[in-house]
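Here is a brief report on the fold of each chain.

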Amino acid sequence: MKAILSDLLIKNGLIFAFLVVGLILLVSFWIARRVLGGLIPGVAVAIIIGLVLAFLGGERGIASFPLFSGMALLGGSMLRDFAVVATATGADPAQMKHAGPAGTIALFIGVVLAFVIGVALALAMGYTDPVSLTTIGAGVCTYIVGPVTGTALGATSEVMAISIAAGVVKTIATTVLTPLLARRLGLDNPHSAVVFGGLLGTTSGVAAGLAATDPKLVPYGALTATFYTGLGCLLCPSVLHVIVLALLG
Amino acid sequence: MTIYGVATLAACFLLGKVVGTLLGAVIGIDGDVGGVGFAMLLLILVNGYLRRRGMMDGATAGGIRFWSAMYIPIIVAMASVQHATAALSGGWLALLAGIVATLAALALVPLLSRIGRPGEETAKES
């Protein structure tokens, strides 16, 4: 009986994932209202429960267990991007227009800032070869920029792992810290959401952080964040690596 | 019909991805640069056009609105399939770098938000 049931749920993984996520949200909104008294939004609670579940599994989070493999489809990049694009209908084009210059500047500053922090901390912790420094700096941008840069430059797998880990930490930190700090940062309008997306750049972190703060801001942050990884992949192995080489050589 | 809305969304999504991938190829990156961003801008244009011509009826708009509303459940599912254990496996350097970079970027949000923000004068005009 148990085998039949789990077989059925695995076969209908996506549908089971709808049910699981529905239950997570139900429990989260209940906790947010009854236990936390509205202190933390229900969406934020749900995302934190999601992250806790991710720690139970391996590389694919909770989807490492066959029973929950449908979560990887529901939470994969295809449906995520599809839903993010759909949120654009709720965005005001005029708001995006006047935030454009600020968003573009934020993108460049965001990539360079993350890179510099990564390189500086790696130096402080005893890394001296330029390839490792650049790869770790790139990983701090996002966990995609890191391995792309590391592969291009021929970094060791140990450094590659650190660089990916740094990117994952940034995604999780953005998810958790954004709703907590949003009010103090003035992150309550489309204009600063565009800037926020460009500065942080981790698509998942920006999307989740804004969803937990105010879902209305999601399209604005997602618009700029989507360019960040590409810009990082462009700048890190080229211009930024040359600068690292010049400073160390 | 609902499916017209979903199909419009799909068309914008795919076109945006094509543009993003082509842009990636032009600058020598094997991947998608800003595909989602292009798709969003396209959807805003198409949505506005169809609305003005009266071709975006309730059911059609509902096809897009459904996916927009599914956004949060999808994000919750996404959180649960992150490679979270990797965050700890990279050691102190990864942990420190990720958190410091996040805080530094967040600290710049109020500063950069001042650029190009419509002041009181523009607010009066509109």
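## Conventions

Helices (H or I, at least four residues) and strands (E, at least two) are DSSP runs, numbered from the N terminus. This is a predicted model, in which local features need pLDDT of at least 70, side-chain atom pairs count only at pLDDT 80 or more, and totals for chains, interfaces and linings use all residues. Residues are numbered from 1 along each chain as its sequence is written, while chains are lettered from A and ligands numbered from 1 in the order in which they are written.

## Chain A

Along the sequence, chain A reads α-α-α-α-α-α-α-α-α-α-α-α. That is 12 helices and 0 strands. Chain A is as compact as a globular protein of 249 residues, because its radius of gyration is 20 Å, close to the 18 Å of the globule rule. The radius is taken over C-alpha atoms, and the rule is 2.2 Å times the number of residues to the power 0.38.

The C-alpha atoms of chain A fill a box of roughly 65 × 45 × 30 Å along the principal axes. Buried residues account for 57% of chain A (20 or more other C-beta atoms within 10 Å of a residue's own, with C-beta atoms placed from the backbone). Take the contacts (C-beta atoms, placed from the backbone, within 7 Å) between residues at least 6 apart in sequence: in chain A, 66% of them join residues at least 24 apart.

## Chain B

Chain B has 7 helices and 0 strands. From the N terminus, its pattern is α-α-α-α-α-α-α. The radius of gyration of chain B is 20 Å, whereas a compact globule of 126 residues would have one near 14 Å.

The C-alpha box of chain B is roughly 55 × 45 × 35 Å along the principal axes. In chain B, 41% of the 126 residues are buried. Of its contacts between residues at least 6 apart in sequence, 53% join residues at least 24 apart.

Methods
A residue is buried if 20 or more other C-beta atoms lie within 10 Å of its own, exposed if 12 or fewer, and partly exposed in between; C-beta atoms are placed from the backbone. Two residues are in contact if their C-beta atoms, placed from the backbone, lie within 7 Å.
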